[in-house]
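Have the model open as you read.

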Amino acid sequence: MNILVIAEHDNNELKSSTLNTITAAHKLSADIDVLVAGSELAEVSKQAAAIENIKSVISVDDPIYKNFLAEDFGNLVASMGDQYSYILAPATTFGKNFLPRVAAKLDVQQISDIISIESEDTFKRPIYAGSCIATVKSSDPIKVISVRTTAFDAANVTDAEVSIESKDSQNSMGNATFVKDELAESDRPELTAAEIIVSGGRALGSSENFQIIESLADKLGAAVGASRAAVDAGYVPNDYQVGQTGKIVAPSLYIAVGISGAIQHLAGMKDSKVIVAINKDEDAPIFQVADYGLVGDLFEAIPELTDSI
Amino acid sequence: MKILVPVKRVVDYNVKVRPLPDQSDVDLNNVKMSVNPFCEIAVEEAVRLKEKGVATEIIVVTVGQSDSQEQLRACLALGADRAILVETQSLLEPLAIAKCLVNVVHNENPDLIILGKQAIDGDNNQTGQMLASLLDYPQATFASELEIADNQAIVTREIDGGLQTIKVNLPAVVTTDLRLNEPRYASLPNIMQAKKKTLDIMNVEDMSVDINNRLQTLSVVLPEERQAGVMVESVTELVDKLKNEAKVLS
């Protein structure tokens with residue numbers, strides 16, 4: 001029962017989602033290979049080789065994989081599929097993009113977004129935006145799985161390094177071209193990896209007003225999130241969105257400010273350790289999941305909170 | 001240019017879904033069904049391309065039971081030209097649906113296939129990518145902007161760190177994210193007119209596709225509820241609780 005874990009990285013740095021995925025993999029088997037595919041990978045491969053509980057790193061270094069375009073990336077993973085019992089990738093936009101291509105090529109039904117491993121063929125996954133949890137059993141010979149990263153701890157990184165083996169690339173399909181990335185530049189921690197998140201909702205009223213959320217976040221060393229309503233209203237960019245269709249987060253402390261608590265939002269943050277809700281509507285559903293609720297005007301409460309910590 | 005838009009009939013997004021008492025599945029008795037919201041965005045995008053003169057024909061297709069005709073009519077009322085129901089009594093998984101869609105693509109030869117990025121029932125986020133893979137077409141998932149030029153689709157994609165722009169050669173598969181557009185409401189005359197548009201029915205059994213499910217649902221339950229918390233009276237009390245009770249602030 002061997003496992004291939006697909007590493008997420010940016011050709012410089014391994015993403016923490018890879019570490020969560022390896023923890024999930026290790027619950028199935030200790031026989032884990034990590035595929036690092038991309039361009040100029042010496043440093044990333046070394047980082048991967050230092051992860052605890054893996055057997056080896058397979059590095060495929062070719063400019064055609066630099067931007068992880070799903071066509072070539074999926075074909076590469078699919079070409080290795082018959083040597084493994086499991087193929088796991090994080091359920092991030094990286095994994096969601098190419099993994100179903102792999103499953104289709106291998107003629108298996110992918111199991112998306114698992115939150116627990118019950119046995120070698122049985123997994124739990126949220127459905128209907130997390131309103132229900134399904135337990136599903138797979139009859140496919142190769143199990144292609146995307147892993148909800150917040151449901152599994154990060155694997156440890158050690159001083160020891162496993163072997164790094166190079167593998168040849170496949171021919172490029174040449175039917176897709178990367179144009180550009182516009183990635184948010186920020187000194188704040190990444191949403192999915194942050195210990196503390198301060199999120200704002202529609203009640204903020206404007207992007208200028210959102211600055212009080214940012215000031216509180218900076219005081220706490222926190223990441224800034226937002227509800228879909230705040231993103232749709234244009235207060236903040238789309239990559240701030242926490243929720244079913246945005247990012248799934250589970251920090252130690254989640255502070256929801258002026259967020260009513262639509263199910264789509266709760267689906268993205270209800271596994272946070274401690275939830276604080278600040279809202280002027282005492283009937284807002286967010287209070288039903290909050291550990292600490294404060295009913296009040298956020299434009300008074302947030303500056304006061306920022307000053308008192 | 002011909003556009004194929006595969007859509008899905010799902011529980012309306014306003015319905016709070018609960019498991020059946022025997023936990024075998026979710027309870028879908030007497031709940032409102034709708035076009036999956038991401039699929040509506042896909043139809044809207046196709047209609048806008050037709051209004052701009054880029055597209056000439058829009059075909060909506062669904063793989064499902066007979067009652068899915070209701071959702072196909074809704075898409076016709078939004079501006080699709082004709083519809084195809086690939087009829088089956090079974091609830092198919094994404095891989096089987098993608099295989100049925102391959103058959104439809106081979107019949108229709110569309111230049112562009114636009115789908116929702118996921119259906120809000122199973123939340124799988126697979127069908128578009130699987131269809132592209134089976135056809136060996138390029139794909140642009142999670143689209144927030146779409147432009148057609150020089151036989152290519154130029155697509156801005158919503159990715160975890162921000163936005164990415166790629167170009168894919170046509171024919172291609174594009175899956176829609178929330179911000180691609182805001183779907184229109186069907187007008188009454190368009191709803192009436194949609195009743196006269198062509199809706200062809202194919203039978204999944206005639207497609208020689210392996211539709212056997214690979215996943216067995218053992219149970220469907222409610223998630224663990226969070227314990228109800230406490231209300232605090234002031235910011236001072238909140239900070240005190242966070243520091244001394246929850247110990248998440250130092």
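Start inside chain A, where the side chains of A:Asp113 and A:Arg148 form a salt bridge at 3.0 Å, N to O (a side-chain nitrogen of Lys or Arg within 4 Å of a carboxyl oxygen of Asp or Glu). A:Asp113 belongs to strand E5 (residues 111-114) and A:Arg148 to the loop between strand E9 (143-147) and strand E10 (163-166), so the pair ties together parts 35 residues apart in sequence. Helices (H or I, at least four residues) and strands (E, at least two) are DSSP runs, numbered from the N terminus. A:Asp113 is buried, at 12% relative accessible area, and A:Arg148 is buried at 12% too (buried is under 20%, exposed over 50%, partly exposed in between, with a 1.4 Å probe and protein chains only).

A quick word on what you're looking at: this is a predicted model, where local features need pLDDT of at least 70, side-chain atom pairs count only at pLDDT 80 or more, and totals for chains, interfaces and linings use all residues. Residues are numbered from 1 along each chain as its sequence is written, chains are lettered from A and ligands numbered from 1 in the order in which they are written, and side-chain values use heavy atoms, leaving out hydrogens and water.

Now cross between chains: B:Arg214 and A:Asp140 meet in a salt bridge of 2.8 Å, N to O. Both residues, B:Arg214 and A:Asp140, are buried. Shared partners join A:Asp107, A:Asp140, B:Lys99, B:Asp210 and B:Arg214 into one salt-bridge network.

Over all chains, the structure holds 28 salt bridges.
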